[in-house]
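Please keep the structure open beside them as you read.

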Amino acid sequence: MVRNDATANTVALLCFSGALVLLALEGAKLFPNRFVKASPEPSKPPLLTAKVSVVTVSTPQTPPSPPTPSPPFQRGVGGMTPNLATIDRSSRLVVDLSDRTVSFYRGNQRIDRYPIAVGKPGWETPTGTFEVTDKIPNPTWEHPITGAIVPPGANNPLGERWIGFWTDGVHEIGFHGTPDESVMGEAVSHGCVRMRNADIRQLFDRIEPGTTVVVEP
């Protein structure tokens, strides 16, 4: 009996084990996903890092512009006023009232001499050392007594050029042309030095404001 019981138990155990195997197989058919081993997630690639270098860019400085050369004269109110930096101190004008001439010198050399008319009695041309104060081409004339205005032109008493060298703040005296060139050598003006138009045009281009003017008796 003992042997039979052991045999029966063994048979029962085998039957039970077989049943479990059958159940497992059936479960795999019914629920296949529950019995699939999950694949491990693919490993993520390492993050790429870049080493950034900071570069300082210096902006090139623009070289300073060369200074603009100063003109020999600058136009101001009423004509051309002196630019002292460019005056040729070697040039000068010498007026000889007794000889009725004006000479243009460069250094000690006399370049030219021109005939002139000078101030009449009571309106004498002032003597002394002066400087050219202004230059005006084709000037307008104002009568010193009546104040009448005469525009530029053939009948203008100042002719084609004006070169001032004296003023009292109201009236001015200077070199100028004239429509009547027959008066050269005479004392007929209101203190100014009259010249032939061709002569004062030449002199106008030779001197600048600031040029020395010496008027001798």
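1. Let's begin with a pair of strands: β3 (residues 91-96) and β4 run antiparallel and share six bridges. Pairing here requires at least two DSSP bridges between two strands, and strands are DSSP runs of E with at least two residues, numbered from the N terminus. Before going on, a word on the basis: this is a predicted model, in which local features need pLDDT of at least 70 and side-chain atom pairs count only at pLDDT 80 or more, while totals for chains, interfaces and linings use all residues. Residues are numbered from 1 along each chain as its sequence is written, and side-chain values use heavy atoms, with hydrogens and water left out.

2. Across this pairing, Val95 has Val102 in β4 as its bridge partner. The β3 and β4 hairpin leaves four residues between the strands, and Arg100 adopts a positive phi near 55° there.

3. On to the next hairpin. β4 is joined to strand β5 (residues 109-115) by six bridges, again in an antiparallel arrangement. Val102 finds its bridge partner in β5 at Tyr114. Two residues lie between β4 and β5, and Gly107 in the turn shows a positive phi of about 70°.

4. How many of the six residues of β4 are buried? Five are, which leaves strand β4 (residues 101-106) mostly covered; buried is under 20% relative accessible area, exposed over 50%, and partly exposed in between, with a 1.4 Å probe and protein chains only.

5. Now for the rings. Rings of Phe, Tyr and Trp (its six-membered ring) pair with centres within 6.5 Å; planes under 30 degrees apart are stacked, over 60 edge-to-face, and the rest tilted. Phe130 belongs to strand β7 (residues 128-131) and Phe165 to strand β11 (residues 161-167), 35 residues apart.

6. Phe165 is buried at a relative accessible area of 3%. Phe165 also forms a tilted pair with Phe175, at 5.2 Å centre to centre and 45° between the planes. Phe175 is in strand β12 (residues 172-176), 10 residues from Phe165.

7. Finally, two charges over rings (NZ of Lys or CZ of Arg within 6 Å of the ring centre and within 35 degrees of the ring normal). Arg92 lies over the face of Tyr105, 4.5 Å from the ring centre. Lys135 places its charged end over the ring of Phe204, at 4.4 Å from the centre.
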